[in-house]
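Q: Please go through the labels used for this model. What stands behind each of them?

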Amino acid sequence: CFGFPLSIFFIVINEFCERFSYYGMKAVLTLYFTRFLRWEDNFATALYHTFVALCYLTPILGAIIADSWLGKFKTILYLSIVYAIGQAVLSVGSISELTGGSANNLAPNIALSMIGLILIALGTGGIKPCVSAFGGDQFEEDQERQRGTFFSLFYLSINAGSLLSTLITPTIRASECGIHTKQECYPLAFGVPAILMAVALVVFVIGSKMYKKVKPQGNIMLEVSKCVGFAIKNRFRHRSKEFPKREHWLDWASDKYDKRLIAQTKMVLRVLFLYIPLPMFWAVFDQQGSRWTLQATAMNGDFGFQIQPDQMQIVNPILIVIMVPVVDSVLYPLIKKCKLNFTPLKKMTVGMFLGSLAFVAAALVQVQIDKTYPVFPAAGQAQIKLINVGEVSATVQFQPQLDIVQVSPKKETGYMTFEASKLKSLNITASPLNTTVDLNLLEKERYTLPFKLNSTNILFNLIHDNITSKPENGRSLVRFINNLPFTVNLTMGDTDFGELDPLSVTNYSIVPKPDGSYTINVSTPEATCKVVSKKFGYGSVYTISLDNCVTNELSITYYEDIAPNTVHMAWQIPQYFLLTCAEVLFSVTGLEFSYSQAPSNMKSVLQAGWLLTVAVGNIIVLIVAGASTIDKQWAEYVLFAALLLLVCIIFAIMAYFYTYIDPNEIEAQFSKEEKEEHKKDDQDDNEKIAEVDSKM
């Protein structure tokens, strides 16, 4: 079909569905940990990076199974089944009704989620090194051009799957579903990737009769490992001075292995030595899905339409699709025209530097976010806010002999901070009446005092706010004060607040969708009134006063306890831009450099080493997240930026002393020597035959 084997179209479709499945699930994973399983940020980050590390460790296992035992087709088939089961288990594990809708017993959800993630890591990692190589196997030797086009299509399918899934699954996640209680729809957000993985498996099986299946031919990684192990053991065995030294420690393997394998292993180890500093880059890069997503939950995602925090990750694949061709066709040729020697290792060094700058940018954004956080009372302090829900202005004197404030009708003071032990009472004067409110405030707590003047006295109600921080993960909270002279039944959307007596206050309740509006409904035996709320915004806390009910129209007043997120998510774009530039220079160049410096039969060893650096990078993050005592998130970003800059300098020094080689020339030299040896052996054999003939 168009000069291509028909089988490769099944492989490309399979890869699109698989990548959609993986990236769609991964996009919402961090918020699933923090919002559904209610894990704190550091633990959620550590678990996220443990999962990613496992996804990059299992490819080594998959490559060994495929090359030494099952072959690529059976390995992809069997591990895809494991993968699809894992996605289904994760989707089932995210159903809140497993525990009857109870938020206090999440053990079944956690157990199923962990089992699902382990199966997914085994499946996605196991097939990672097999699918592209299996696609390459479908072409004949004379189809080099078509093979190159296939790999371009293959890369495009990966990016298309990533783009679409990162856009779609967070939108599904943000919708509401559930039998007993409506909440974020994780079962469907994980269920769609599970369906796509099942489709990937079905598509792959349909094409099975068309595939060219190459039998397992042994795994070169095992051969290299055995060669290195034997050299170390043999060197240790002959460590006394009576044995002559050899030019290279790997030469001790020459007692068992041929010179060509030893020379090839030397070339590979030179490249793998350069890989040692690389994990630090991946420690920074993979935090897009954890720390940066959590950062976005404290930001404003209103772009004229609402962007979910986990959808900001889509900036990376969009920029990749744009920048790779621009860099290849514009930037690199321009640098070449300027006669600058921009070698692959220099590109990787610049990539590391840009990655460090990306985290400096993230730290600057975090500082701005931190400035918007409310100030809560410290040790020995308490805070109180006054709300005048009445129609008459009032003067409030804090006793003994502290501040005096004027509170206008339908206005609030904001939270005022006092030494808890010194503030004993306050006096409210609303002409012609006054009253004294005795106070016994607890340290590090907030209080609200709504009050109003009626015909005979001043009514008030001191409320303990029971809130000690800005709502996490972008949640919004709301509560109501009944400023009507009679008891009412109150609902907002699907939330029923029950009966509310005059001047009493409800507990804070989570707003299901902070970017949505809700119908607030008040009912009494005589009348029903309602009004549509405003959009509360992410991260906000409001107190709403129910003021009047006339001709079925409810009058309300909003009092802002905590402001909504104000730093816009667009401020994350510079850090994503810098990190994407870093990825283009580091990741794409790194693989090209590695492949150019190693023999053709050793590329799988380098791929395994490259994937191992990604795994180690994620292990670094989970260690830092688990052990860090840094309180400020911006300081952690600066720490990672500094570490990557340090590693960048070390790598630059290593790169300076690296000598580029041409593996093809070295292999050609070995081939020439082997031919000469064979020729000499043939001559020796001919001479022996002639000698035997002469004797006869």
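A: Helices (H or I, at least four residues) and strands (E, at least two) are DSSP runs, numbered from the N terminus. This is a predicted model, where local features need pLDDT of at least 70 and side-chain atom pairs count only at pLDDT 80 or more, while totals for chains, interfaces and linings use all residues. Residues are numbered from 1 along each chain as its sequence is written, and side-chain values use heavy atoms, with hydrogens and water left out.

Q: Where is leucine 503, and what is its phi?
A: Leucine 503 is in the loop between β15 (495–500) and β16 (509–510). Its phi is near 60°, a positive value in a residue other than glycine. Most residues other than glycine have a negative phi.

Q: What makes the peptide bond from glutamine 399 to proline 400 cis?
A: Omega of that bond is near 0°. Proline 400 belongs to the loop between β4 (394–399) and β5 (404–407).

Q: Why are α8 and α9 called roughly perpendicular?
A: The axes (lines fitted to C-alpha atoms over the stretch in contact, with angles from 0 to 180 degrees between N-to-C directions) of helix α8 (residues 220–237) and helix α9 (residues 259–274) cross at roughly 95° and come within 10 Å. Angles of 65 to 115 degrees count as roughly perpendicular, so α8 and α9 are roughly perpendicular to each other.

Q: Which residues of α8 and α9 meet?
A: Contact means heavy atoms within 4.5 Å. Glu223, Val224, Cys227 and Val228 in α8 meet Leu261, Ile262, Thr265 and Leu269 in α9. Six residues of this contact are nonpolar, one is polar and one is charged.

Q: How do you know that arginine 173 forms a salt bridge with aspartate 310?
A: A salt bridge needs a side-chain nitrogen of Lys or Arg within 4 Å of a carboxyl oxygen of Asp or Glu. For arginine 173 and aspartate 310, the closest N and O atoms are 2.7 Å apart, so the pair forms a salt bridge. Arginine 173 lies in helix α6 (residues 144–174) and aspartate 310 in the loop between α11 (291–296) and α12 (315–337), so the pair ties together parts 137 residues apart in sequence. The whole structure has eleven salt bridges.

Notes:
Angles under 35 degrees count as roughly parallel, over 145 as roughly antiparallel, 65 to 115 as roughly perpendicular and the rest as oblique. Ala, Val, Leu, Ile, Met, Phe, Trp, Tyr, Cys and Pro count as nonpolar, Asp, Glu, Lys and Arg as charged, and the others, Gly among them, as polar.
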